[in-house]
Amino acid sequence: LRENLPAGTLVATVRAVDGDGGVFGKLSYAVVAQPAGRGGLGQAVVRGAWQIFTLNSSSGELRSRLPLDYERAQTFHLVVTATDGGNATATATVRVLLSGEDEYEPVFLRPTWSFRVPEGARRGQSIGQVVATDEDRGVDGVVLYSLAKPSPYFAVNRTTGAIWLLLDGGRGAGTSREMTLEVEAGSPLATSRRATARVTIDVSHTALGLPPD
């Protein structure tokens, strides 16, 4: 079930069969209260999940009572019963898995960042790290980094946000110089919400960007 669907959304239809005819074969469905537990992959199962869904006693239609939030819970376990006219009962377990939507944009801890490339820095050396967070859960909450425009001098680690050198820094002329980058953060999904931070890098002590001798 997708998150944020309106109250009353049909989740599933449970059905039992009874070989009796007449009143003894007429079935009534109900949800049984169950304690909280653990879902798959360590996901929390909501306490009182039986209160979040309603089960039509005659049709077996299971519907949500309210919109569900993936950031609050991802798995719900329900125990349902079918009772015939002679009070004989059968039991089944229903597991409802919630899927998330990309509701929140990533947020950088700072809108602007400043780093310096030290004299003698070598190719592959990290000069700083940007960090962003995302309030979404699941894959929508995974933050990956990239440069808005490729740079001949710098790259960003996709998963950690560390900015590193593509070339040796060399020795500079001592003049004050800066370069700027735009770093983007977003999830692995193509439709991900994205955020951008500006990075200023002091390259005064390097030959980066200078014409060769």
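1. Salt bridges first. A search of the whole structure turns up six of them, counting a side-chain nitrogen of Lys or Arg within 4 Å of a carboxyl oxygen of Asp or Glu. Bear in mind that this is a predicted model, where local features need pLDDT of at least 70, side-chain atom pairs count only at pLDDT 80 or more, and totals for chains, interfaces and linings use all residues. Residues are numbered from 1 along each chain as its sequence is written, and side-chain values use heavy atoms, with hydrogens and water left out.

2. The cut-offs are under 20% relative accessible area for buried and over 50% for exposed, with partly exposed in between (1.4 Å probe, protein chains only).

3. Next, D168 and R122: their closest N and O atoms are 3.3 Å apart in a salt bridge. D168 belongs to the loop between β13 (162–165) and β14 (178–186), and R122 to the loop between β8 (112–116) and β9 (126–129), 46 residues apart. D168 is partly exposed at 41%, while R122 counts as exposed at 53%.

4. R198 and E182 make another salt bridge, 3.7 Å from N to O. This one links strand β15 (residues 194–202), which holds R198, to strand β14, which holds E182, 16 residues apart. R198 is partly exposed at 41%, and so is E182 at 31%.

5. Have a look at S192, in the loop between β14 and β15. S192 is buried, with a relative accessible area of 11%. A polar atom of its side chain lies 2.7 Å from the backbone nitrogen of S187. Leaving aside neighbours within four places in sequence, S192 is in contact (heavy atoms within 4.5 Å) with D102, G186 and S187.

6. On to the nonpolar cores, meaning sets of buried Ala, Val, Leu, Ile, Met, Phe, Trp, Tyr and Cys residues joined through side-chain atoms within 4.5 Å. The largest has 25 residues, and F108, F154 and I163 touch the most other members. Two or more residues each come from β8, β11 (144–147), β12 (154–156), β13, β14 and β15. Beyond its neighbours within four places in sequence, F108 has contacts that include W113, Y145, V183 and A195. A second, separate core of 17 residues includes I52, F53, L62 and V94.

7. For the domains, the assignment (bounds come from an automatic or database source) gives domain 1 as 9–97 and domain 2 as 107–207. Their C-alpha centres lie 50 Å apart.

8. Last, confidence. pLDDT is the predictor's confidence in each residue, from 0 to 100; the chain averages 88, and 92% of the residues score at least 70. Over residues 36–46 the pLDDT is below 50, and this stretch has 24 contacts in the model beyond near neighbours in sequence.

Technical notes: Helices (H or I, at least four residues) and strands (E, at least two) are DSSP runs, numbered from the N terminus. A polar contact is a pair of N or O atoms within 3.5 Å; within protein, one must be able to donate a hydrogen and the other to accept it, and residues adjacent in sequence count only if both atoms are side-chain atoms.
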